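Hi,

Here is the structure you were after. Have a look at it first, and my notes follow below.

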Amino acid sequence: MDVKINTKQSLTALQIMQDAAVIPVIVLTEVAHAVPLARALVAGGIRMLEVTLRTPQALACIEAIAREVPEAVIGAGTARSAADVQACAMAGARFIVSPGYTHAVGTACRDAHLPLLPGVATGSEIMAAQEDGFTELKFFPALQAGGLAMLKAWSGPFGDVKFCPTGGITAANAAEFLSLPNVVCVGGSWLVPADAMASGDWGRVTGLARQASELLR
Ligand code: 3PG
């Protein structure tokens with residue numbers, strides 16, 4: 001973790017990726033879980049948090065974390081439209097993650113002054129994102145779309161692009177991905193098990209976060 005980062009200032013996509021080895025992909029079904037979960041992750045050394053727009057509670061969770069956990073940098077994931085980006089900005093999200101890339105999402109993020117980690121799975125998608133100025137990209141779904149071999153193949157033609165592989169990454173395979181020169185961090189949901197959240201086992205989340213934040217890059 002780069003302790004020099006002031007979590008209150010605006011950050012670039014690269015700074016967000018460099019802060020810790022893992023960006024947790026969070027699905028929250030209870031607003032009451034948002035703040036203790038964020039605190040548990042921060043206690044384990046993970047400050048860049050992606051709350052996905054996959055539940056009706058997601059925006060309220062983003063708002064709660066933005067308001068009550070200033071040590072975290074709250075981001076929104078699964079943003080698929082300009083309207084999603086605008087709603088996340090209103091809720092206090094500090095960065096946006098999308099499962100794919102569209103010019104509309106890229107433009108909405110620029111307009112809202114929010115860094116974007118757009119998802120890509122093909123060379124054409126990388127080129128579209130690069131054309132709009134995005135060179136830090138989420139490789140999604142990483143394992144299903146070619147995994148380590150794909151990232152190695154891309155390092156030739158897309159040597160100027162840095163990736164955050166997400167999808168199928170676990171504590172067991174994260175280190176392999178992180179060892180690649182074009183990988184800055186990985187994304188994954190394994191730090192936030194649904195059963196730990198349901199039972200309020202925040203200590204387990206902190207332990208998983210600590211292990212993840214100690215992964216070598
Ligand atoms: C995502 O939703 O961005 C990824 O699917 C997370 O994948 P995982 O659950 O395999 O970590």
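Cys 185 is buried, with a relative accessible area of 0% (buried means under 20%, exposed over 50% and partly exposed in between, using a 1.4 Å probe and protein chains only). Cys 164 is buried as well, at 2%. Searching the whole structure turns up zero disulfides.

Keep in mind that this is a predicted model, where local features need pLDDT of at least 70, side-chain atom pairs count only at pLDDT 80 or more, and totals for chains, interfaces and linings use all residues. Numbering runs from 1 along each chain as its sequence is written, and side-chain values use heavy atoms, without hydrogens and water.

Next, Gly 167. This residue sits in the loop that links strand S7 (162-165) to helix H8 (174-178); helices (H or I, at least four residues) and strands (E, at least two) are DSSP runs, numbered from the N terminus. Gly 167 is buried, at 16% relative accessible area. Its C-alpha atom is 4.6 Å from that of Pro 141, 26 residues away along the chain. Beyond neighbours within four places in sequence, the contacts of Gly 167 (heavy atoms within 4.5 Å) include Phe 140, Leu 143 and Gly 187.

Last one: Thr 206 belongs to helix H10 (residues 202-213) and is buried, at 14%. Sequence neighbours within four places aside, Thr 206 touches Ala 40, Ala 43 and Gly 44.

Cheers

How values were computed
Disulfide = S-S within 2.5 Å.
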